[in-house]
Every structure is written in C-alpha cells, then in structure tokens.
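Hi,

Here is the structure I promised to pass on.

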2 protein chains.
Amino acid sequence: MAPAAAHEPEVIRDKAAMRAWSRRRRAEGKAVALVPTMGFLHEGHLSLVSAAVAAAGGPVAVVVSIYVNPSQFAPTEDLATYPSDFAGDLGKLAATGAVAAVFCPPDLYVRGSAGHPVAGVSGGAVSCLEDACGHAHETWVRVEQLEKGLCGSSRPVFFRGVATVVAKLFNIVEPDIAAFGKKDYQQWRVICRMVRDLDFAIKIIGSEIVREADGLAMSSRNVHLSCEEREKALSISRSLVNARTAALNGNNHSQQIKDQIVQTLEEAGGQVDYVEVVEQESLTPVKRIDRPAVICVAAWFGKVRLIDNIEIQTTS
Amino acid sequence: MAPAAAHEPEVIRDKAAMRAWSRRRRAEGKAVALVPTMGFLHEGHLSLVSAAVAAAGGPVAVVVSIYVNPSQFAPTEDLATYPSDFAGDLGKLAATGAVAAVFCPPDLYVRGSAGHPVAGVSGGAVSCLEDACGHAHETWVRVEQLEKGLCGSSRPVFFRGVATVVAKLFNIVEPDIAAFGKKDYQQWRVICRMVRDLDFAIKIIGSEIVREADGLAMSSRNVHLSCEEREKALSISRSLVNARTAALNGNNHSQQIKDQIVQTLEEAGGQVDYVEVVEQESLTPVKRIDRPAVICVAAWFGKVRLIDNIEIQTTS
C-alpha cells in the first residue's frame, strides 16, 4: 500500500535524526527551509510555509518545528496555559501539501538538578528554564541593543530565550532559509541581527501579518479571548490603521500618534503595555515619522497580552 | 608549472569563499576540521593540526584560522602588542603537509559609527570591539557559569568574546571537528559547553599542552618574556608538577596545594593572578582532590600574563 497522502509530513522528534534528514535533503539538491513555531497553528503560520517555498525559488524541503520554548517565558508568564493541538497542527500542515517534515522535540535543553534557582542576567530576571544548576544549560545568545525596549521592557528574558532557541534550531535543522512573521516585529529584527552577527548561512524571510477578516492580527493566544474581549481588541488594529493614514497625511508627530492610540485602546477597555514609534531596522524611537518606521503596540485585554504593529514607508 | 608544493595551504580571506570552500570539501566526502588560532604559531598550534587529523580518522580537510579577535580583549589588555608573523605562520603550516586552507579574514565584525562607547555587560566591562553604535555588532554568546572565575575574574569580557568569535567561525567554516588546546583550559570547557548547549554539530578535541624542553607551556606571548623572566616563569610548570606529585601521594588538600604554588611563584618573582583547584568539567572549586580535578594558574612575569594548568586523575 502506498502512504495515504504523499504530502503527509514526516514527524521527527530526535535532534540527530532531524539533522540527518536535513542533510539528506540538501544532498538531493533541495534547499531546506525552516518555519519555527510554538504550535496551535493558524493561517499566519501557514503563510510562512508559502513564503518559505516562494523564497526558495526552486526545489525545497520545508520543515516546520513545533516547540513551546520554556526559556523565553518568565515564571509569571503563560507557559502553562499556552495552547496546543498537535493533531490539528499536523492536519493543517498536511493540507498545505508543502511541508515535508515536522520537528517536535520533547525537550531541547540539558537540565541539571532541580531546585537550585540560578540568578539570571537582566537585573535578576529568570526564565522558566532556570530551575537548574551544575551541568545544566547555561549558554545564551543575546542581541543586546535590539532586545531592549518594546516587548523587552516587560519581558526581560524573552528575546534571550528566543535568540537562543532559534540558534539551537538553526544548528539542528541547518536550514538555508527560515521564515518569521512580522507580527513579532522585534523578534524578526532580533533574529535578522543574530544571523548577521553570528554569520549563520541562512536567509531570513520576514512575512507580512495575517489578519482575521475584522482586522485582528492572528495569534495562537487569541483563543483565550472572550467574545467581548475579542471585540474590544479590534481597537488595536483599528488604531494602527488610523495612525498610518494620519501619518501619510502629514500628521507624523510620534507623540501625537502614540497619545491617540493609547486613548483608543484605553477607551476600548485595554490596558496598554506600550505604544512606540520606532525606526524599522534599529527599533530606536523616532520623534517624527520621516523615515521608514513601525508603530508597535502591546496591550492586555482581559488576561491576554496581544501585540500588533504597522509599518509606514514615507517618502518625505 | 606545477605549484611549488602540493601541500601549500590555500589562503582564504573572505567569509563566503571560506564557506563555499568548506562545502566543496564536504561534498568530496572529506570531513572539515577547524583549528582556530590568533597566529604567531608554535608547536602547540601544530599539535592541534595533528590532533584534528587523528580525530577525523579518514579523509579530512584541515582549516587553520588566523584572526586576532578584538572582542576578547579589554581596552587595557595587549591587543596592540599581540605578536604576529603571517609569513612565518604560513611556512610552518605548509611544512606540516596537513593543512589545506588558512582562513585569515581582515575583520569579522560589522562596525558602526565610532566614538559612541556602548555600555557592556559584566559590570560595565567593555571589549576592544565596543567603540560602535547603531547597526554595529551586538550579538554575544555567553556561557554564563563556566565563564565565571579563573581567567573570567580578571578578564570579564574574555570568554564572551571567545565564545562569540568561535560561534562565528563555526558558522563560516562549518567544520565537523574543531581542535582547542587544553592550555587554555577554561576556554576549552567553555567551547565544549557552548557546542552542547547550542547544538553545534561539531566534535570538539581538547589537545594536551605542549611544553618547551624546560617545561614552560608554549604560548605566543612567551616571545615578550626577557631571558630572566622566562627563567623565573619556569616556576609555574615546576610548581604544578610538584603539586600533582604531592596530590597523588595523598597531600590533596586544595588550600595547602594553592598556598604552596603561590609561595613558589612569588619567591620566583611572579605576581599571582590566581591559583585554583577545580573540578575538570564544571570548573567549580574543590576542597580536596578526590575526583578528577585540574589546578589552574595565572601569573604575571614582568608585563606578560601567563597561564598554565595540570590535570589530576585520582582513583580515591
């Protein structure tokens, strides 16, 4: 009997098997493209698969990794409630017909003897991984400027955890291409900088935000929103679109733009973490939008922290 | 005309050319072995070439990199006077008949606009690289436990610089094997841990210390010793050998061992940076040598800081 579906992705759980698989594909003349995810996939993730295939421009083997990375969560954050649906994810990936393998390791870190909290960096901030000592995982990749500000201010271990796990995935999968969503704008910029600075031979794709019909940026965490919260959360995308329209019409003072967005979010019942107008590449704040900029927002609706952003290309 | 010598190494200065060269060797069925150095080569370095060849156990292409890495030097350290002799190095490598390529990039870091000191980590310590801002290099790999203590105490940016440049070299050369000298014991352990934690697909070789006939551990910095200082510096290896003999004879209290070594070095006119007795893998201090340990020494003789160590395997 032939396999049920030619496009059913191969499920790989072991690091060495993953690397060997990747090297075989490369030896066959295919590019290897990695789409790192934490699972509970939505159309945003699937668009990354398409983007990776398009970027390859030739024979390509796409690997989607599914791994909820503990080191990017602080103990106060939502690691325990992060949604998952492995069977559903596999079905969605199979339906694309474009995914050759799914890498879902049980754990990616060497653990030490538990119960010995290790003082972290970043002002003593610790991640959910740091319950170990002795011979445990202790190597961290940090992109020291870009990790500051925006989400880095309220999530001090986040980008350290992201950069480190992505470096690990890169070394395990050895891809030629990797695709990230611009919804996590700072993450995408952090990864681009890490790849440049550490000389990874990997082309990074930044893929446009995929939105629900009503404008809400797709996110695995949206599932935790009540109907009412979800309605209120539309204020994020609405305020961003209005801000861009205003900026392109000449109302380009960052402080005014930020004040307007904060007001809109708060009127809708959101609790603002930050609203910032920053340069697209350096993520440093700008006073006026007179160069390529991006407006970044993080806000809580109920118990859910949502992020979103909008790029603005100006010619003035 | 045929080339003068079949074993003359190819000199490669460009990152992309280096990676392409490496991939061609791999495609030919050879392992690629990397020996990272800062040049001014001595027999210790050449022994790393032999060790890499032996470890490959089959067809291998050996790459020796020569790059004085600014990011591992603090501004107060000896970057400016680090010795170099590129022509001599090439001759020595050619004479081995075992080196296929020499990678000597002009610079490995993206520099920003100068004159804007960037506050470093580790209590404000900065390296010779940190004269930049904006889009400059900002990604650092740190092995946060092993980088502490020993040389990390007096050289706070050293291991961050070493781990980062080695990660870069690994991503450029993409070796299967890399060889490091145990003379830089902490460095070797830091690299082993980094490779494990970041999942580099590289076998790390730790190669035994090569000594002059009189016992002095070979080091590029030895050239800066006066005849008198060089004679005095023999107290390092002599005191280490005596300590091991004593330990194997049951005198295994670390404090006594350390006191004896400090006394010997100071009597010889050395200025001790540290003498430590630590576990071989974790580098944590031990009170007694009742497990595999290593005695590590750093001391100044004149203006030259020398390091040395001796491993002790006990059965008790």
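Predicted model: local features only at pLDDT ≥ 70, side-chain atom pairs only at ≥ 80, totals over all residues.

**Symmetry.** Chain B goes onto chain A with an RMSD of 0.0 Å, using a turn of 180° and a shift of 0.0 Å along the axis. The two copies are therefore related as by a two-fold rotation axis. The same surface is used by both copies, as 100% of the contact residues of chain B recur in chain A. If you want to find the axis on screen, go to Val141(B): of the residues of chain B, its C-alpha comes closest to the rotation axis, at 2.3 Å.

**The strand pair.** Which residue stands opposite Val141(A)? It is Val141(B), in β5(B). The strands concerned are β5 of chain A (residues 139–143) and β5(B), which pair in the antiparallel sense over five bridges.

**The interface.** Chain B puts 39 residues into the contact, and chain A puts in 39 residues too. Between them the chains bury about 3200 Å², with 43% of that on carbon and sulfur atoms. The rule finds 28 residue pairs in polar contact across the interface of chain B and chain A. On the side of chain B that touches chain A, the elements giving two or more residues are α1 (15–27), β5 (139–143), α5 (158–173) and α6 (185–198). Of these, α5(B) gives the most, with six residues. Sorted by class, that side of chain B has 16 charged, 15 nonpolar and eight polar residues.

**Salt bridges.** How many salt bridges does the rule find across the interface of chain B and chain A? There are six. One to look at joins Lys168(A) to Asp199(B), where the closest N and O atoms are 2.8 Å apart. Over all chains, the count comes to 46 salt bridges. Within chain A, the side chains of Arg26(A) and Asp176(A) meet in a salt bridge at 3.5 Å, N to O. This pair links distant parts of the chain, 150 residues apart: Arg26(A) sits in helix α1 (residues 15–27), and Asp176(A) lies in the loop between α5 (158–173) and β6 (177–181) of chain A.

That's everything from me for now.

Cheers

Conventions
Residues numbered from 1 in each chain as written. Chains lettered and ligands numbered in written order. Heavy atoms only, no water. Least-squares fit on C-alpha atoms with pLDDT ≥ 70 in both. Contact = heavy atoms within 4.5 Å. Buried area = accessible area lost by both parts, 1.4 Å probe. Salt bridge = Lys/Arg side-chain N within 4 Å of Asp/Glu carboxyl O. Polar contact = N/O pair within 3.5 Å; in protein donor to acceptor, adjacent residues only side chain to side chain. Helix = DSSP H or I, 4+ residues; strand = E, 2+ residues; numbered from the N terminus. Nonpolar A, V, L, I, M, F, W, Y, C, P; charged D, E, K, R; others polar. Pairing = 2+ DSSP bridges.
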